[in-house]
Amino acid sequence: MPRWETIVFDAAGAADFAPASALDALEADVARAARSLETRECPGADRLGWLDPEAACPAAERAAIREEAERARADCDAYVVIGIGGSYLGARAVREALRGHADGPELFFAGTGLHAGATARLLRDLRDRDVRVCAISKSGTTLEPALALRFWREFLERKYGRAGAARRITAVTDAHRGALRALAVAAGWRVFAVPDDVGGRFSVLTPVGLLPLAVAGLDIDALVAGATSMRQACREPRLRDNPAHFYAAHRHVLGARGFRTEILSAFCEDLRWLQEWWKQLFGESEGQRGRGLFPAAATMTADLHSLGQYIQDGPRDLFETFLCARETAPALRVPAVEFPADPEADDGLGALAGRSLDAINALAWEGVRQAHVAGGVPCLELTLDRLDPRTVGGLIHFFEKAVAVSGLLLGVNPFEQPGVEAYKREVSRLLGRR
């Protein structure tokens, strides 16, 4: 049961489905995959900048990000992040997970789709707010964010004038080329670079994610420090002492035994957007050449009243990874209340008075785990002692390292996404884009 600081990975609920002998047989392959990452000899070796979180966004660059964030915090109360996929999911995931630690302007997200109604509502809702915009795109030509930027440039220019708008737009884009970089330079916008060696879904701990998070008031140094510490834990050579490798090995063994869907079941509503980021990270990295597990998500306990029946009693081709934060609001305790004399009015929960809701949530999680294991569902567990920037930074690196090893075990390049380009070509053809 490997542990890193505030995170524990426990695979006891999958022991009957992923036996020790199968994991032992895979240990050499896991070590080989991990070694190829460290020596930069694996497929996609030019996209491994995320592997060293400190190098992906050094201290000097984080200082520049904090300075830019302070300028934004001084004159805006609404910060619109334009991006799609990895250009926004990581920032949104961390911001939602750490809502209690943020004290800056509210973050809004645009360019995540083509729904006209959503775009119109956000433009309307922010018309009386002090707004800044952060446009995030490696190329600047991806359809959804490129269209959104047109709307928000027009919004800012009407509100603040062309010169005023230019002071309120920041671009995070390619360091050397691309439409967004050329536009930003010509318009005089502040520019931060996406590292050449980091792909979008791995970019949350680069300026792509750290700039919006700094504007929101989060401690970006603690995020990077947590990821850096987790990196050291995930270099441990022994499989059972390495949290990311042990997780990757279990996923591979379970997949080979017919469990083709992984459900990330979070017993914490603040982690819902982290689940969305996780789905992109694993779906794009593994889903190639007819291979890979299907990444799904459930938010507990709400989804026990919808998906719970299927998980408990449906086809036995799925497994669960539980994600639970033990402390989210430890001071919130069940109040004692009086009921009318009629015994039918009593909710039967009097024994819970004075107990913390976090503790009750943990008991629900344990009960669900026991029921699902008994029903034939392999269950893995990731327990977070608390949600803070260091812990979330560590969790991000844990998942990034795990999916890199998982993809290599499957024989795919986990740092490309050739299937994404297929739909882009067809949409571009229909739109008549050059």
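**Strand S10 and its surroundings**

Modeller: Strand S8, residues 261-266, pairs with S10 in the parallel sense over six bridges. Please keep in mind that this is a predicted model.

Biologist: Which residue of S10 does Leu264 stand opposite?

Modeller: Leu264 has Thr321 of S10 opposite it.

Biologist: And what sheet do these strands belong to, in what order?

Modeller: The sheet is open and has six strands, ordered S1-S2-S11-S10-S8-S9, with mixed pairing. At its edges are strand S1 (3-4) and strand S9 (294-299), each of which pairs on one side only.

Biologist: Which strands does helix H10 lie across?

Modeller: Helix H10, residues 243-256, lies across strand S2 (7-10), S8, S10 and strand S11 (379-386). Relative to S2, H10 runs at about 30°.

Biologist: What about helix H14: which strands is it touching?

Modeller: Helix H14 covers residues 389-410 and packs on the sheet, where it touches S1, S2, S8, S10 and S11. The direction of H14 makes about 155° with that of S11.

Biologist: Back to S10 for a moment. Where does Ala325 lie, and is it buried or exposed?

Modeller: Ala325 lies in strand S10, which spans residues 318-327. Ala325 counts as buried because its relative accessibility is 4%, below the 20% cut-off.

Biologist: Which residues is Ala325 in contact with, leaving aside neighbours within four places in sequence?

Modeller: With those neighbours left aside, Ala325 is in contact with Leu384 and Leu387.

Biologist: How far apart are Ala325 and Thr173 in space?

Modeller: From C-alpha to C-alpha, Ala325 and Thr173 are 34 Å apart, and 152 residues separate them in sequence.

Biologist: Why is Asn413 classed as buried?

Modeller: Asn413 is classed as buried because its relative accessible area is 15%, and buried means under 20%.

Biologist: Now the surface. Which residues make the nonpolar patch of about 280 Å²?

Modeller: That surface patch is made by Leu114, Leu147 and Phe151.

Biologist: Where does Phe151 lie, and why is it called partly exposed?

Modeller: Phe151 lies in helix H6, residues 143-166. Phe151 is called partly exposed because its relative accessible area is 41%, which falls between the 20% limit for buried and the 50% limit for exposed.

Key: Residues numbered from 1 in each chain as written. Predicted model: local features only at pLDDT ≥ 70, side-chain atom pairs only at ≥ 80, totals over all residues. Heavy atoms only, no water. Helix = DSSP H or I, 4+ residues; strand = E, 2+ residues; numbered from the N terminus. Buried < 20%, exposed > 50% of the residue type's maximum accessible area, 1.4 Å probe, protein only. Contact = heavy atoms within 4.5 Å. Pairing = 2+ DSSP bridges. Axes fitted to C-alpha atoms, helices over the stretch in contact; angles between N-to-C directions. Patch = residues over 30% accessible without salt bridge, like charges linked within 9 Å, V, L, I, M, F, W, Y side chains within 5 Å. Areas by Shrake-Rupley, 256 points an atom, 1.4 Å probe, with all protein chains shown as cover. Salt bridge = Lys/Arg side-chain N within 4 Å of Asp/Glu carboxyl O.
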